[in-house]
Amino acid sequence: MRRYLFIVFFVVVLALPFALRSMLTSAARAPALGPDMPAARLVIVTPNNQDIRREFARAFDAWHRATYHQAVTIDYRTPGGTNDIRRLLETTYRNYLQPDGTFRADMPADLHMVWGGGDYTFDREYKRLFERNGRPVSVLQPAHLTPGLLEQAFPQPTLAGVKLYDDAKDASGHVLRPQWIGTCLSSFGIIYNPDLYRLIGLPTPHTWADLTDQKLAGKVALADPTHSGSVAVAYLMVLQRAMADAEEQYLASIATTRASSQPNAEAYRNDPAYGAAIAAGWKRGMGQLLLIAANARYFTDSASTVVRDVGDTGDAAVGVAIDFYARVEQESVGPSRARFVSPAAATAITPDPIAILAGVKGQPFEIANHFIEFVLSPQGQRLWILKAGTPGGPRDRALRRPPIRRDVYDDRTNWADDVDPFTDAGSFNQRPQWMGLFTEIRPLWAAAWIDSREALRDAYARILAVRDPQRRSALIARLADLPIEMSDVQQLAADRLVHEKRGDAEEWKARSRIDWANRFRAHYARVAAEAGE
Amino acid sequence: MTTTEPPFLTYASESPPAPARWRRRGDRERASGFHTLLAGLLYLFFGVFLIWPIVQVVWTGFVRPDGHPTFAYVALIFHDPVLLGGLFNATLIAVIVTAITLALSLPLAVLSVRYDFRGRGLLSGLLLVPLVLPPFVGAIGMRLVFSRFGPLTQLIGGGGALGIDWLGHLRLIGVIVVEVLHLYPIMLLNLQAALANIDPAMEQAAANLGAGRWTTFRRITLPLIRPGLFAGCTLVLIWSFTELGTPLMFDYTQVTPVQIFQQITDIAGNPLPYALVVVTLVSSTLLYLVGKVLLGRSFDASTTKASVAVVPRQLIGWRGLLAAAPFALVFVLAVLPHLSVILTSLSATGAWYKTLLPSAFTLSHYAEALRDDLALPSITRSIQYAVLATAMALVIGLAVAVVVVRSTLRGRWIIDALAMLPLAVPGLVLAFGYLAISIWLKQKLGDRTPTWLDVQQSPLVLLVIAYAARRLPYVVRSVAAGLQQTPRDLELAAANLGAHRFTVLRRITVPLILANLLAGALLAFAFAMLEVSDSLILAQKTAYYPITKAIWELSQRLGDGVYIASALGVWAMVLLSLTILSANALLGRKMGAIFRI
């Protein structure tokens, strides 16, 4: 029977976790939530992490039982990052889209809500995921909230110019019901490893430009902008900061030349010189991003790897990260290995929205509205920021994200982080009018940084090997001068619409990314040849 | 089951003439009717669950959204330096991994078959342990081992103030190392089985004719073990060519399987990933054929089936120690990833930094894993999937083995080949195929799609089928080996006494091959518990995550995610080690026969 001995062990090991679990939970069983009620189901697609998913599912269930006398089970779908979700929605809804821009009535609306991924994704992508007869088709539908709730939660509808919820108006200027509503705030910045910075002999980073330092070659952790939408927003801020600089310079120049005349506040926007200045700023920003990318250790698919490579292992000295990722990391490894910096006047503070998906009706629609109500309630808002285990706070782990309701900031007892984005935002934030090309630019970044990585790395290494500092910086400037203009991106946006109509958008997208990667590759090879001479 | 024969020939054993009574009562017709029925059901199963997914993928890769056939998508792949690079890297990884596993396994196989020394049994058994840990779990630990200030850097003296960024430069090597340490047992088992079957007389004859040892090895032994070499190399080559988990864990994205995985959410609208899967399938077929041409050309070797068993030479004293040393060395290397996972699971959060070993230990990650919403339910799910998949694989495997070994049906080799197909078709391709079918059905049926066919609703059925199909070959091999060693007379005697075919199967055949069935079941179970490609691709809903996807999710979580993932990995390691040990105890030296093509 010895030959069956291992099978006995096998069964024991198989059963062990369940036995231990029941011992653990029976020792500390959570207080019962009252009598068993039939649970309603809410399906939410989200890139949010497990802690957020779990804490909100639990808190909402309890709140819903107390408020509406019904239990709710949240069924989360996590197909990946924001871009993966966008693709999922695109492919799910495309099959039911009718020529008149409505969805077929028999569409199975088995996804109820989408939550998280940044305001750009909601406002510019989900709200206009398709186009029919020249009109955008949204995969979101307006929420039906308790009257007054929005006004109560958002006395100011914007934060430094950025909308906190969808305040779109119809042709007659009447404010429509919101298709998305911000649930908390995100900001983007730099996570760095102070230990490694000391060893390299660099001062602590404060601006995006600090990441272009040549001493950081191979030590910058970056995420692939086509996979991590959140980090892509951070890259976009580098671009917008450069554009804002160009704008300031332009305004300063017209202020001196036309000091006497009082130009119309907005008239300069039509000035071709203004457009040229902005385009030049855009190009400078692209160059700056390229130099950060040239320092990249490698590009990961997930924003959390960036943070871990900096804090956990020190494999990277610095990275671009979302605020709360960095804070969670700092808490887990200590401030000697991970610290977060918000680049002064060069970060975006944006809402992280939630929305109800098109086609959802009946009970799921009702529950979805309740969920928004809960998330916007002071109770739901505090769940984002309270320490774990505190009254009203998360049970297991602090979520460490700044709430979006300003009034919640008045009482900061038991907060996990003493943050106040409403004060920090200052005057700079992302410019809605500069967000238009975000969809087009992400694959371009990937083409310039990732697809042509070998060539970029080779060119960069050769440049760094050049001894003459003057020649080296000239070569760096050459490298950063990418063969692309803002107008190219505008052209791409126009082309995309054409190909979407024609039905070969996927093929065209792939082809255009290959073409651009080839152009960038050729550029790097030219610079490498110059450096090698 | 021996390895010196090609798989199909082995089954062509002459079946003894049926007894007179059987014929007289028309039982022969009944018998062949039974086999025909089985064969029919098997064709149906393979057609729906093996051929259809592949056809579906291939089809979509060649058709435009408007229904017109096109080569544009496949052509696009060959215009894209990035995807071409991915193919090149995947091939590079596969070739290097195969070469290293071969170089590692061949001397070990020779030593273990030809010589006897103290601890040989134990060491040979221990060498199989790495097989049980999916390399991507090992990669979690190895990421820390290879980190800038990690144990490896500490071991070689710190590497200066800035440490050494191993993975920044050598991620490819990390992937290769982890895969080699995982896959060499497959090669070893095949080579051992092949060596054990060589007729010693052949080598003795060579020696008699004056050939030196090296010449004998090169001219006689190597050609004779070619089928074993072919089987081992093909398995390792295809496995490493399509391995998804390991490069994913190392963030090594410039390789085809990861490139396919990255486009997963795209697939309903985008034909490009399909095209990429088609190219992968063609490439693995090519790799298989190249292997076949190089190693599998002649199967004449089967005529040399040993008449005398190899008598291992006894090595004692320092010679014995010398022989044992390579085993011990490879074992130590091979358990490195396992060890690193165990250490990670025990390390306090963030405590493995700039030290050889974690600076603080804790058991809290295990407690956390027990409490975790993802971890324990995923174990339940995995057990559910694995049990169902095992049951399914057993039933089908038994049917295949009965038809192939016991029947005289024409074309039964086709069934055998179909059952072995999952070894040659990358798991990624099949998983993708199931996903494609599910999406296609949903497009056709809309709201009327049964929930169990909709991956986004419930991946249970498709996952179970995928697991079962993937691991069917092991069950078939195991069961077939048992059937071949069970004299058919016993079944015939029962039939003679009037027992129905199913009664014979239930009362005679199954009890006689119980050990083989159990061993096959255990292996199928073990691999189903740790299947990576299918799980990552098909399980899209949190509530349905199996262990592997939970480990993947957890490893992405900040804070203690990696540590909890490791704790889960350690549990899986223990469970699967016990599985392998159980199977080993049940099958003994016949283990090798299971991991063959």
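Predicted model: local features only at pLDDT ≥ 70, side-chain atom pairs only at ≥ 80, totals over all residues.
Residues are numbered from 1 along each chain as its sequence is written, chains are lettered from A and ligands numbered from 1 in the order in which they are written, and side-chain values use heavy atoms, with hydrogens and water left out.

Let's start where the chains touch. Chain B brings 81 residues into contact with 72 residues of chain A, contact being heavy atoms within 4.5 Å. How many salt bridges are there between chain B and chain A? The count is 5, each a side-chain nitrogen of Lys or Arg within 4 Å of a carboxyl oxygen of Asp or Glu. One of them joins the side chains of B:D165 and A:R297, at 2.8 Å from N to O. On chain B's side, helix α28 (residues 561-587) gives the most, with 11 residues; helices here are DSSP runs (H or I, at least four residues), strands are too (E, at least two), and both are numbered from the N terminus.

Now, into chain A. Strand β10 (residues 220-223) is covered on both faces: A:V220 and A:L222 on one side, A:A221 and A:A223 on the other, are all buried, meaning under 20% relative accessible area with a 1.4 Å probe, protein chains only. In a regular strand, side chains alternate between the two faces of the sheet.

What does β10(A) pair with in the parallel sense over 4 bridges? That is strand β11 (residues 296-300) of chain A, where A:Y298 is the bridge partner of A:A221. β10(A) also pairs in the parallel sense with strand β12 (residues 318-322) of chain A, over 2 bridges, and there A:A221 has A:G319 as its bridge partner. Pairing needs at least two bridges found by DSSP between the strands.

Note on methods
Buried < 20%, exposed > 50% of the residue type's maximum accessible area, 1.4 Å probe, protein only.
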